[in-house]
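Student: I'm new to this one. Could you walk me through how to read it?

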Amino acid sequence: MLWLSIDRQLERPLTEQIYTQIKKKILQAELKANERLPSTRQLAQDLCVSRNITIEAYERLMAEGYIETRQGSGTYVSYGAHFELNQHMSLSDINEERSPSDDQNVTNFRSGIPDLRLFPRAIWAKLTYNTIHDCDYKALSYSNPEGLLELREQLVNYLLKVRGVQCHSSQIVITSGATQALSLVAKLLLSKEDQIIMEDPITEDIQSIFSSSGAIIQGIPVDHNGLQTDLIKQHERLNAIFVTPSHQFPLGSTLPIQRRIHLIHVARAADCYIVEDDYDSEFRHEGAPVSSLQGLDPTRVIYVGSFSKILSPALRIGYLVLPQPFIQKCREYKWFSDLHTPSVEQLTLARFIEKGYLERHILKMKKVYRKRRDLLIHLLHKTFPNQLSITGHSTGLHLIAEWHDLHFSNKIIETIRTNGVYLYPVEDHSIEKGHHTKKVIFGYGHLNEEEIHEGIRRLSKILNEIDLIS
């Protein structure tokens, strides 16, 4: 007798229940090849169901090759329809990985996350509704890979005004976030064994994106003025240079004009291009705004930006500003990647910029983030007096704290995280290891004042316990 469980209270049809259970038994070798199955009539009697139900289940199993009929003999399990033991894994064996930000008992000092509680939902919802209601039906069809002209024209004016970027709308390609933008740049500039200079340290993910092309990364150390351009060897074979000049990640320095000019001279001499990642410079808390590197030489710099940190990562809208030689090829790569970035979001964002909402939102959030930054700095100095120094806090959504006598080993970081505080070592982003072991990144943009207080309180308790143990 074939033991199956039928539950008439479930919404799943009885045929589906029978089919699924027999299929599972065959895949897991509970029913073995050449094993005879009960007839459809017998199985229907055993389960107290209509014979049509068992016939339909058997026909589906037979169509997919799990079972076969033999003339005058009956129905049998087919050969080769099961997995080897221990190789089959059901969906119930898979645990969905949770982010630490999902846990209410964790203070996560991750960098680069805006406060999504303050996202201008009402304005965005109204603009989205009006966009859908008013747009031509053609806007809902397939679009061009470079993005909608409405958004690209708004970006030309916006970037010139706030970042000094000089470009035409034809030079802009709208991407699905900065990650796609950087992946496209890697394809445009690099092949196997090509040389790319990067700041050291620099985001680990960016290292992965560019090294995946087969290129060789050469790290150049960063100091309090950013990339040490004088350490770049002149006239060596060089295919690209990657920098975050307005707010170096993760250390937070700003590249001065002398080094910017030197970097452009290096690129010209090597006949290569500079990739400028301008990821959060809108939120400058101290001093005058810093213009883009691209504005100094638009023919030699590829400019990368996104709205993930200004508005929301969920929008998945980024962009590239390209020198003329790369425009057509980048459009082709974008087309083959995902055809185009969603059009409704592009139109909504274009209206959001055009009506001045973006600039007002940035001004509002700068005040919020500066207040949180000041609180975090105050709490760090008060809680850990004479134990640390703070840098990289002039711009953006994170700062760097460097302890004088504490090295953040993997064991210490794991202990801190286990006790409810997520810190991120600068050393994780280093190309040449061993130079930044005392430094950790504190992201504060997404944390309110209460959460910042709680995070520092927990961290103090954890580090005190570590000191007692050691």
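This is a predicted model: local features need pLDDT of at least 70, side-chain atom pairs count only at pLDDT 80 or more; totals for chains, interfaces and linings use all residues.

Student: Which residues does serine 176 touch, not counting residues up to four places away in sequence?

Tutor: Serine 176 touches Arg316, Lys334, Asp338 and Thr341. With threonine 341 there's also a polar contact of 3.3 Å between the two side chains.

Student: Where is serine 176 found, and is it buried or exposed?

Tutor: Look in the loop between β5 (172-175) and α6. Buried means under 20% relative accessible area. Serine 176 has 19%, so it counts as buried.

Student: How do I spot empty space?

Tutor: Rolling a probe the size of a water molecule over the atoms shows where empty space is left. Here, the largest pocket has a volume of about 1600 Å³.

Student: What lines the largest pocket?

Tutor: It's lined by 50 residues, and Arg110, Ser111, Gly112, Ile113 and His446 lie nearest its centre. The elements giving two or more residues to that lining are β4 (107-108), α6 (177-189), α7 (204-211) and α13 (449-469). By class, the lining has 17 nonpolar, 17 polar and 16 charged residues.

Student: And sheets? What order do the strands take in the open sheet of four strands?

Tutor: Two strands pair if there are at least two bridges between them. In this sheet the order is β13-β14-β17-β16, with antiparallel pairing. The edge strands, β13 (388-391) and β16 (424-425), each pair on one side only.

Student: Which residue in β17 is the bridge partner of tyrosine 424?

Tutor: Isoleucine 441. β16 and β17 (residues 439-443) pair over two bridges.

Note on methods. Residues are numbered from 1 along each chain as its sequence is written. Side-chain values use heavy atoms; hydrogens and water are left out. On a 1 Å grid over the protein atoms alone, a cavity is a set of points where a 1.4 Å probe fits but cannot get out, and a pocket is an open set with protein on both sides within 12 Å along at least five of seven lines; lining residues have an atom within 4 Å of a point. Grid points are joined across faces, edges and corners, and a volume is the space filled by probe spheres set on the points. Ala, Val, Leu, Ile, Met, Phe, Trp, Tyr, Cys and Pro count as nonpolar, Asp, Glu, Lys and Arg as charged, and the others, Gly among them, as polar. Buried means under 20% relative accessible area, exposed over 50%, partly exposed in between (1.4 Å probe, protein chains only). A polar contact is a pair of N or O atoms within 3.5 Å; within protein, one must be able to donate a hydrogen and the other to accept it, and residues adjacent in sequence count only if both atoms are side-chain atoms. Contact means heavy atoms within 4.5 Å.
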